[in-house]
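The entries below follow the order in which I checked them.

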Amino acid sequence: MTEINTLAQSVRDIASVTASQLLAYISVALLLQAVMGVVLAMWRRTAPAGAPQAAEHEDVVTAVKGAWSGWRDFRVVRREFEDAAQTQCSFHLQAVDGVPLPTFQPGQYLTFSLKLPEGVAGTPAGVRTITRCYSLSDRPEAAGYRITIKRALAPADRPELPPGLSSSFLHDHLHEGDVLQVKAPSGHFVIDADASVPAVFIAGGIGITPMMSMLRWCTEEQPERLVHLYYGVRSSNDHAFKRVLEELAAAHAAFKLNLVYSSPTADDVPGHDYQHSGHIDLALLRRTLPQGRHQFYVCGPPPMMRSLVPALREWGVQADDIHFEAFGPASVRPRGSLSNEPAVASSASIDVRFTRSGRTLVWDGQDASLLDLAERHGLAVDSGCRSGSCGACQTRLLSGIVTYADQPDHDILRGHCLLCVGQPQSALVLDV
């Protein structure tokens with residue numbers, strides 16, 4: 001009976017709680033919850049760099065760790081020609097160690113160390129190792145990479161010159177099952193991920209390779225993004241990725257394909273095989289592009305780059321909206337000089353000391369770069385791309401100022417310089 005009375009009294013006590021008291025209890029609970037949230041947020045902001053963070057950061061850390069340092073072995077698992085003339089061959093690569101590959105930014109390239117056996121066109125007796133950079137030509141995938149190489153022939157007006165050393169080796173001597181040494185993806189010529197700005201890809205010849213990487217990524221990850229491709233070749237014979245491009249254009253309404261043939265064959269049908277004849281120029285872009293802001297990505301041979309990139313600037317396109325990757329050094333006139341230090345006026349002749357060889361050479365303006373200066377005087381210097389991309393010629397700069405006509409694609413280490421695109425602005429001492 002006593003227990004029943006006690007229970008009844010508890011019920012009366014609960015019933016006596018007023019609505020205002022309940023509201024006060026709820027308010028206190030909410031206030032405590034808000035205070036705890038603020039304390040937790042402040043702890044996260046002040047946590048040391050190595051402290052565990054939210055799960056959304058884990059993918060970024062993993063991607064950075066996956067970018068290996070130095071050389072890594074890759075096996076050629078497939079090769080296939082991409083054009084009717086069979087001058088452009090794709091090589092599909094997989095890591096020998098089987099570890100999943102890090103993602104890369106569409107538009108980047110791989111750096112290769114190629115060991116050329118005796119007998120390759122233009123190769124001296126014995127084995128010669130050269131370094132070359134080639135753009136990735138497909139969207140990022142963890143299973144493998146793809147590059148596409150065009151066979152470089154002697155110029156039509158200089159038939160006495162040898163064909164391209166590296167492209168001849170890759171086309172004629174690299175087979176499925178062979179292993180290559182490769183550095184991790186690199187490069188600054190990459191797609192801007194802002195899907196609100198239409199992208200305009202302009203490619204000439206083998207300049208299509210980084211565009212294929214960007215295009216495949218866009219159609220997969222941003223299918224609603226408006227993308228224009230202007231692709232210039234001579235004819236259907238050297239039109240790479242023809243079927244793939246036509247299928248992408250048919251499957252994605254936001255992808256606008258503009259094929260430009262400069263010398264179509266008798267069998268090439270206007271409106272079917274190509275949309276425009278001649279060359280890609282500003283008049284074509286003004287005639288076919290809609291009004292509004294676009295981001296331009298340009299990659300092609302020197303004549304196209306020298307004419308089109310300045311034309312875009314003169315048209316009024318903002319510098320930040322023009323991205324380009326040239327074939328070789330000095331293909332595009334620079335916007336301004338870059339250096340490891342502020343530029344100074346150079347004298348008529350500059351002493352350049354190479355410490356390891358013990359020689360001092362005089363820079364008198366005859367050479368395009370420090371690498372050319374060294375080679376003209378018989379100094380052996382490691383080099384690869386000769387365009388500021390691969391970093392093979394990166395050299396420790398002991399003293400002096402080196403300038404660059406335009407920003408090298410390779411990330412230069414502090415206290416170093418790139419000989420292949422660098423020019424002296426003061427007396428130099430180089431650790432080479």
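Entry 1. I began with Asp172, which is partly exposed with a relative accessible area of 40%; I took buried to mean under 20% relative accessible area, exposed over 50% and partly exposed in between, with a 1.4 Å probe and protein chains only. I note that this is a predicted model, in which local features need pLDDT of at least 70 and side-chain atom pairs count only at pLDDT 80 or more, while totals for chains, interfaces and linings use all residues. Residues are numbered from 1 along each chain as its sequence is written, and side-chain values use heavy atoms, with hydrogens and water left out.

Entry 2. I then looked up the partner of Asp172 and found a salt bridge with Arg151, whose closest N and O atoms are 2.6 Å apart; the term requires a side-chain nitrogen of Lys or Arg within 4 Å of a carboxyl oxygen of Asp or Glu. This pair links distant parts of the chain, since Asp172 sits in helix α4 (residues 165-173) and Arg151 in the loop between β5 (145-150) and α4, 21 residues apart. Helices (H or I, at least four residues) and strands (E, at least two) are DSSP runs, numbered from the N terminus. Arg151 is also partly exposed, at 25% relative accessibility.

Entry 3. I went on to other salt bridges, of which the structure holds 14. Arg376 pairs with Asp367 at 2.9 Å between the closest N and O atoms; here Arg376 is partly exposed at 41%, whereas Asp367 is buried at 10%. Glu141 and Arg139 form another, with the closest N and O atoms 3.6 Å apart, and I found Glu141 partly exposed at 35% and Arg139 partly exposed at 21%. I also recorded a network of salt bridges that links Lys242, Glu246 and Asp273.

Entry 4. Last, I checked helix α5 (residues 208-221) against helix α6 (residues 242-251), whose axes come within 12 Å and cross at roughly 30 degrees; axes are lines fitted to C-alpha atoms, for helices over the stretch in contact, and angles run from 0 to 180 degrees between N-to-C directions. The two are therefore roughly parallel, a label for angles under 35 degrees. On α5 the contact (heavy atoms within 4.5 Å) is made by Met212, Leu215, Arg216 and Thr219, and on α6 by Val244, Leu245 and Leu248.

Technical notes
Angles under 35 degrees count as roughly parallel, over 145 as roughly antiparallel, 65 to 115 as roughly perpendicular and the rest as oblique.
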